[in-house]
Amino acid sequence: MIDLAKVYRIIKRAGVEFISGVPDTLLNDFCLGLETYWNPTRHVLAANEGNSIALAAGYHLATNTVPLVYMQNSGMGNALNPLISLTDESVYSIPMVMIIGWRGEPNSGDWPQHQRQGELSPVILDALNIPYRVLDEDEDASLDAIEWAISEARKLSQPVALLVRKNVLSKKEKSGFEHVHQVYSLSREDAIKEIINQIPRDSLIVASTGRITRELHAIREYLNQSHEFDFLNVGAMGHAISIAAGIATARPDRQVVCLDGDAASLMHMGSLPITANLKLSNLIHIVLNNGVHESVGGQESVGYMASLTGIASSSGYETLGKFVSTTSELQQGVAILRASAKPAFLEVRIKKGMRSDMPVLKADTKALKHQFICSAVK
């Protein structure tokens, strides 16, 4: 990993004042370091990547400075609309630097959900006429590239990108939570086990990207249960509830449960009122809220600060009117909401982290899809 102190100094010296983004595994330590090295009032961890682009554009309009946006390349889709219809040189010609984690880089051996995005990342930047360079482990070359990007964005008055390879802005290991004060005691793994125990055996479960999918898969293995009722949304962050709503619409005779994360549910929050106002008495949306983007390093979300239950209730969901945080509260909550005549929402406050020996998710996604369809159409 290159020296992050040098990176922050270069960025500040070049006149960058404002930074926004969505955390990424390949940018893990860069993102975490911003908490120490950057003015917290000038760093916004956004709901999604399009949100970041728009925030950065607004800051530029008020200061005429070059802002910086960071993201995983999977978020380029969320960023496309404001990049094309707001910042593009043919519209408002707004300069900014994008630091993009290059998941799925060809020949990197990444997971299936990242491979196609990795192939397309340079193609998308070329199609958008966004100049870019690649950051690798050559520190001098990477630092030069960062200076170039800021200068080029200012000169051209348009977005410029830096594609970041593995191990350049992050270490191999993630940050743990051993020394972090935990507000809640219930673990995500235990919460998922309890939910499985409280719903019908043939309930269809949609699990959000990240550690929820990983833990659900491992729990099924541990309990010697089939995976046939589970759809693991390994990518498409923020869309698990919409997938679940589509399933619930097609199968009103089956209980459908969406296991979501706080950051994922915030990413595309417009789906909440849409889903809540569908006539789906068989759908429960459960958000396992640990207040952080855990799988990419533990950067704080606003999960603990926002009232997700209040938002859900105002959107039209049936709720308990409060979050739950203990096993007994979870049991009672699921039982009550299963009897709802409309889509239900349950916020479960949990502690950060997972056990160190949790198995890595290794699954054939196409085989899992086929298995799920066979179960769903019975």
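**Exercise 1. Salt bridges along a helix and across the chain**

The structure holds 17 salt bridges, and the model you are looking at is a predicted one.

*Solution.* 

Step 1. Start from a general idea: side chains of opposite charge can pair when their charged atoms come close.

Step 2. Check how open the two ends are. Glu-119 has a relative accessible area of 40%, which makes it partly exposed, while Arg-116, at 53%, counts as exposed.

Step 3. Glu-189 is buried, with a relative accessible area of 11%; Arg-355 is partly exposed at 34%.

Step 4. To finish, look for charged residues that join up. Arg-188, Arg-211, Glu-215 and Glu-294 are linked in a network of salt bridges.

**Exercise 2. Aromatic pairs**

How many aromatic pairs does a search of the whole structure find, and how are the rings of Tyr-317 and Phe-345 arranged?

*Solution.* 

Step 1. The search finds eight aromatic pairs.

Step 2. In the pair of Tyr-317 and Phe-345, the ring centres are 5.4 Å apart and the planes meet at 50°, so the pair is tilted.

Step 3. Tyr-317 is in the loop between helix 12 (308-315) and helix 13 (327-337), and Phe-345 is in strand 13 (residues 344-349), so the pair ties together parts 28 residues apart in sequence.

Step 4. Tyr-317 and Phe-345 are both buried.

Step 5. Look elsewhere for a group of rings: Tyr-8, Phe-30, Tyr-37 and Tyr-70 are linked into a cluster by ring pairs.

**Exercise 3. Strand 6 and its neighbours**

Decide whether strand 6 (residues 159-164) is largely enclosed or open, and find the strands it pairs with.

*Solution.* 

Step 1. Six of the six residues of strand 6 are buried, so the strand is largely enclosed by the rest of the structure.

Step 2. Recall the pattern to look for: in a regular strand the side chains alternate between the two faces of the sheet.

Step 3. Compare this with strand 6: Pro-159, Ala-161 and Leu-163 point one way, Val-160, Leu-162 and Val-164 point the other way, and all are buried.

Step 4. Strand 4 (residues 96-101) pairs with strand 6 in the parallel sense over six bridges. Here the bridge partner of Ile-99 is Leu-162.

Step 5. Strand 5 (residues 132-135) also runs parallel to strand 6, joined to it by four bridges. Leu-162 of strand 6 is the bridge partner of Arg-133 too.

**Exercise 4. A histidine and two loop residues**

Is His-217 buried or exposed, and where do Asn-129 and Ala-236 lie?

*Solution.* 

Step 1. His-217 is in helix 8 (residues 211-222). Its relative accessible area is 13%, so it is buried.

Step 2. Setting aside neighbours within four places in sequence, His-217 is in contact with His-227, Leu-232, Leu-361, Lys-362 and Ala-363.

Step 3. Asn-129 is in the loop between helix 5 and strand 5. Its phi is near 60°, a positive value in a residue other than glycine, and at 53% relative accessibility Asn-129 counts as exposed.

Step 4. Ala-236 lies in the loop between strand 8 (230-232) and helix 9 (240-250). Phi of Ala-236 is positive as well, near 50°, and the residue is partly exposed at 46%.

Terms used: Residues are numbered from 1 along each chain as its sequence is written. This is a predicted model: local features need pLDDT of at least 70, side-chain atom pairs count only at pLDDT 80 or more; totals for chains, interfaces and linings use all residues. Side-chain values use heavy atoms; hydrogens and water are left out. Rings of Phe, Tyr and Trp (its six-membered ring) pair if their centres lie within 6.5 Å; planes under 30 degrees apart count as stacked, over 60 as edge-to-face and the rest as tilted. Buried means under 20% relative accessible area, exposed over 50%, partly exposed in between (1.4 Å probe, protein chains only). A salt bridge is a side-chain nitrogen of Lys or Arg within 4 Å of a carboxyl oxygen of Asp or Glu. Two strands pair if DSSP finds at least two bridges between them. Contact means heavy atoms within 4.5 Å.
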